[in-house]
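Thanks for coming. Please have the sequence and the model open while I talk.

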Amino acid sequence: MDISTVLRDAAGGHRLSEKEAAALLKVRGRDIFEIFSTADILREERAGPVVTYVRNQNIHITNICKNLCGFCGFGRKEGDEGAFCDDRDTILKKVALASSRNVTEICLLSGVHPGFTMETYKDILSTVHGAAPDVHIHAFSPDEVMHAARQSSISTKEVLERMKSAGLSSLQGTAAEILADHVRSVICPRKVPTADWVRIIREAHRMGIPTTATIMYGTCETEGDRARHLAILREIQDDTGGFTELVPLSYVFQNTPLYRDGIAGPGASGREDLLLIAVSRLFLDNFRNIQVSWGKLGIKLGQLALLSGANDLAGTMFSDEVSGDAGAAGADYLDPTMMDTMVRDIGRSLRQRCTDYTLV
Ligand code: SF4
């Protein structure tokens, strides 16, 4: 494959094939810079020069989880040291703290508690929405939707409807990890299979509930698996237009069973991190927004990601025990002043946005 030709075609509007994407993800040597540069040009065309961020706060309600995925350092079994599950008062205190920080978005990021039912999810949403009615609630993954449906013997559509009426503004596109069942059976065997993840996301989009799209890469998948995953996202987006952005999540390996057991290595390299962003920009011609997870990449690599196709710096977060427990340092909070410094240094400007990417 001639890389320059493929890149010239992509820049000219040709839709990359899955095979071409897989080949680009494998590139080593100085050709990677040509890929980054083309992706940066397409970023400018599709999303403009401004780098955005959302003022948000993560709230972890429980780390007790039925899934205990091999790539996760956050999930615990009930009774394990450090296991917690917040009561209503604790949730209200966390929401009050988020409100005092003037966030526009609250992100509920928790384990999939084996005892939670539809009622529990509804109560959580009503509590958060009641205490912060003007704040966008970005919560729950297709795996949690499936769990609520099973626990309460209702359909996933009904779960989504009830979540929406209890205050859910957008659904998380998490639990996607790598949408290839042979990889899922190794890294997250208890999570929804690919077909259910896709079905629930499509149901949400059809109901007018937007979602993010994520990819968690760097465990034991191949470049072909990553390209397959991106192809599934592109196909859904063609049909529904319901994804707000792609959130690439680089595997944080230190405190995870997959690494401890020798099944996965120490995650993606810097080359792979930047190529994932760049190839996503080239391949996902129907996505406007590609995000940098600064908590996983760090500030310096995150800055280069903004020059390789990304246009968004995610959120302030204030707390990210999921990345922190897995071993990421400094993953909790990034002050917008620091974001501004990062962005100005590469000759761009920073703007605060809402969850739906309208500028504040
Ligand atoms: S990644 Fe999510 S679902 Fe998997 S163990 Fe961790 S908290 Fe549970």
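This is a predicted model: local features need pLDDT of at least 70, side-chain atom pairs count only at pLDDT 80 or more; totals for chains, interfaces and linings use all residues.

Let me start with α9. This helix covers residues 194–206, which is 13 residues. From its first C-alpha to its last it reaches 18 Å, close to the 18 Å expected at 1.5 Å a residue. What follows α9? The helix is followed by G208, which has a positive phi, near 80 degrees.

Which residues of α9 are buried? They are T194, W197, I200, I201, E203 and A204. As a general point, an α-helix has 3.6 residues a turn, so residues three or four places apart point the same way. Keep that in mind when you look at the list on the screen.

The helices are α6 (142–152), α7 (156–166), α8 (181–187) and α10 (223–240). The strands are β5 (170–171) and β6 (211–217).

Now the helix pairs. In general, two packed helices are described by the angle between their axes and the distance between the axes. I will give both for each pair.

The axes of α7 and α9 come within 10 Å and cross at roughly 45 degrees. The crossing of α7 past α9 is right-handed. On the α7 side the contact uses T156, K157 and L160, and on the α9 side I200, E203 and A204. By class that contact has three nonpolar, one polar and two charged residues. I200, E203 and A204 were also among the buried residues of α9.

Next, α4 and α5. Helix α4 spans residues 88–100 and helix α5 spans residues 118–131. Their axes come within 10 Å, and the crossing angle is roughly 40 degrees. So α4 and α5 are oblique to each other. In handedness, α4 passes α5 in a right-handed crossing. From α4 the contact takes R88, I91, L92, V95 and A96, and from α5 it takes I124, T127, V128 and A131. Seven of the residues in this contact are nonpolar, one is polar and one is charged.

The remaining pair is α3 with α12. Helix α3 runs over residues 31–47, and it packs on α12 at an angle of about 45 degrees, with the axes 9 Å apart. That makes α3 oblique to α12. Left-handed or right-handed? Here α3 passes α12 in a left-handed crossing. The α3 residues are I32, I35, F36, T38, A39, L42 and R43. They meet R271, L274, L275, A278, V279, R281 and L282 of α12. The contact of α3 with α12 divides into ten nonpolar, one polar and three charged residues.

Staying by α12, there is S269. This serine sits in the loop between α11 (257–260) and α12 (270–283). Buried, exposed or partly exposed? S269 has 13 C-beta neighbours inside 10 Å, so it counts as partly exposed.

Then L171, in strand β5. With 27 C-beta neighbours inside 10 Å, L171 counts as buried. What does L171 touch, leaving aside residues up to four places away in sequence? The answer is F140, A204, I209 and T211. Of these, F140 is 31 residues away along the chain, and the C-alpha atoms of L171 and F140 are separated by 5.8 Å. A204 takes us back to α9, where it is one of the buried residues.

Last, two alanines to check in the backbone. A175 is not a glycine, yet it has a positive phi of about 70 degrees. A175 lies in the loop between β5 and α8, and with 25 C-beta neighbours inside 10 Å it counts as buried. A314 also has a positive phi, about 60 degrees, and is not a glycine. A314 is in strand β8, residues 312–315. With 21 other C-beta atoms within 10 Å, A314 is buried.

That is what I had; I will take questions.

Conventions
Residues are numbered from 1 along each chain as its sequence is written. Helices (H or I, at least four residues) and strands (E, at least two) are DSSP runs, numbered from the N terminus. The expected span of a helix is 1.5 Å times one less than its number of residues. A residue is buried if 20 or more other C-beta atoms lie within 10 Å of its own, exposed if 12 or fewer, and partly exposed in between; C-beta atoms are placed from the backbone. Two residues are in contact if their C-beta atoms, placed from the backbone, lie within 7 Å. Axes are lines fitted to C-alpha atoms, for helices over the stretch in contact, and angles run from 0 to 180 degrees between N-to-C directions. Angles under 35 degrees count as roughly parallel, over 145 as roughly antiparallel, 65 to 115 as roughly perpendicular and the rest as oblique. A crossing is left-handed if the near helix is turned anticlockwise from the far one by less than a right angle, and right-handed if clockwise. Ala, Val, Leu, Ile, Met, Phe, Trp, Tyr, Cys and Pro count as nonpolar, Asp, Glu, Lys and Arg as charged, and the others, Gly among them, as polar.
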